[in-house]
Amino acid sequence: MTKLALLRATIVGAIATLLLSTGPQASAAEPSRATSPATMKPVVVVSLASYDELHADIDFLGKASDNPDLVNGIDGLIAIVTQLQGLAGLDKTRPLGAAVRSDGVQFQMLAFVPVKNIKQLFSALSGAIGVPEKTGEHQWRINTRAGSAFVKEQGGWAFVAQLEDHLNDLPADPGALLAELPQHYDLAVRVHVQGIPEPLRDMMLDQLKQKLATRGGSGAKQSLAHRLLPGDGKQTAEAIGQLDSVTLGWSLDAAGRRTYFDVSITAVPGSRLAADAAAPQPSKMAGFLLPDATLSLHIDRSLPPEVIKRNLAIVESLKRALLKEIEDSGVLTNDDDKAKVNAWVDQTAAALAATVRSGMTNGGLVSFDGSPLTLAAGFAIEQSDKLDRVFREASELAETADRAPQFKLDIDKLGDVRFHRVTMPTDELIALSGANVDEMADLFQRTLGNEAQLTVGFGPGRVFAALGPEGLPTLKKVIEQSAKTSDSDDAALRVRLALGAVMQWWLKPASEGAAPGAGAAPAQSANPIWAQVADEVAAGGKDHLILTVSPIAHGLRVRLEGEHGVVKALGVGLKLMAVGGGPAGF
């Protein structure tokens, strides 16, 4: 049933929907005003790739998921629905689309389907739309139980509207409304924010401002919300008011052997929001994007003035909260020790504030499977020498404290980065954390081993930290790779996750080699078919989910991409769900 729904929605359903459902049905007796198309602006545009493109992408999905007959099933279903005529009359090389347009007063809804012979297409779809009633030259009315619609053929397009006079003075090239969307996406929706009538847009922004100003919470919770959205949300509402467009797009990319989903926003050229979408600067941390990692992250983002101001306020607020916590805890009874710790907080806050004022956020994170696991991170930090001094002084204080971790200074060096290490027996760490030993012992043992090891590194303008016995070589590898990769990544943020490894952890019991870090795997009685899929996805290598945030002209794009192994998992998942398979939790 899932397969039939997919086929119908993708091919026949798309065409029938465009022919029948161009918006809320108006009464046949309802008067309407003919409006010059020169005054109409697009508000919402929907793009569907050409039949040939969709056909090729679904064929790719079928082959990737070991279901090569998927596309043949689609062809067979179309033959049944169209009474063995196929989609005769449809131009299978051009995209389909729909648009909502407005002149500032009224809205018009228009769909457009590329045709070679509209009469043949009517005949093929007669089982769904009936026999159209001719109302004029190259113009018809379709009557079904769902309502009526009007169709006009012009310039190789079948235009569909809910009111007949909306078919007057049609655009010569409706494909121009779709812009670049069909070239990049199988399915896309674009909202032209500035095309929304100004009174309606102002009303929506006013409602947003009121909602942000009266958001829930009180006391500490409310103050945190105000720090995150200062000015009662006015800046957020103003930023939304500067939006030019918002685009959602999805595609199965047969040529690239991947799938991706995008959310793109653009701002009005010259606006403050457009200026904030700056390209990333050369990165000091691009080496964190190690290709063999289970998880890797790299961020290289310039901060707009409003964000800098807000983050400085957050640093100051956290500093005050931490100093108060130290005072109220009563752990430090010696005045000299208390003064030292307070000074450390001041120095750390000063380094963070200097980093915020620099206007850049540059760092990364990487994780590898193993027992114990390896997790490493690093950031470009101004005044990092202050943090090195804090660490060295903390090691001196730890020597006189009970149940304190063991510090080892200057254990190694790479270039201008010096490394230190902090160790503590895992059972002592569990006791110190206050966790239930019986419940958490397995988690801590699998994650940290018998002894928790934290390696830290300080260099000019950089701070690193790594967890696990392989932390030091991992940090060295990242630093060396970053030196070779001095150019910036083209994304302000990039996150890569190896889906196969995650699926193996989720689906396999720990005794069968699941990745460590969370005790026994949740799905002890997992469906063996899914477990096999996890192995196949991981074995192929191309199994990453990739999240990127990239600058584009006057805006940014957020993309979630799945490599070939992810497409395979998607296709097999659909097949299993069609027969009632799949383990609990999926």
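Reply: Start with V566, which is found in helix α21 (residues 564-578). Helices here are DSSP runs of H or I with at least four residues, strands are runs of E with at least two, and both are numbered from the N terminus. This is a predicted model, where local features need pLDDT of at least 70, side-chain atom pairs count only at pLDDT 80 or more, and totals for chains, interfaces and linings use all residues. Residues are numbered from 1 along each chain as its sequence is written, and side-chain values use heavy atoms, with hydrogens and water left out.

Me: Why is V566 called buried?

Reply: Its relative accessible area is 11%. Buried means under 20%, exposed over 50%, and partly exposed in between (1.4 Å probe, protein chains only). So V566 counts as buried. Buried residues make up 43% of the 586 residues in the protein chain.

Me: Which residues does V566 touch, not counting those up to four places away in sequence?

Reply: L499, K542, D543, H544 and L545. Contact means heavy atoms within 4.5 Å. As for A538, 28 residues from V566 along the chain, the two C-alpha atoms are separated by 9.6 Å.

Me: What makes α3 and α4 oblique to each other?

Reply: Helix α3 (residues 51-64) and helix α4 (residues 70-81) pack at an angle of about 135 degrees, with axes 7 Å apart. Axes are lines fitted to C-alpha atoms, for helices over the stretch in contact, and angles run from 0 to 180 degrees between N-to-C directions. Under 35 degrees is roughly parallel, over 145 roughly antiparallel, 65 to 115 roughly perpendicular, and the rest oblique. The pair is therefore oblique. In α3, the residues in contact include Y51, H55 and I58; in α4, they include L70, V71 and I74.

Me: How do you know that β9 and β10 pair?

Reply: Two strands pair if DSSP finds at least two bridges between them. Strand β9 (residues 243-253) and strand β10 (residues 258-267) have 10 bridges, in the antiparallel sense. W250 stands opposite F261 in β10. The two strands form a hairpin with 4 residues between them, and R257 in the turn has a positive phi of about 55 degrees. β10 also pairs with strand β20 (residues 555-562), antiparallel over 8 bridges. There, T259 has G562 as its bridge partner.

Me: Where does pLDDT stay under 50?

Reply: Over residues 1-38 and over residues 216-232. pLDDT is the predictor's confidence in each residue, from 0 to 100. The chain mean is 78, and 77% of residues reach 70 or more.
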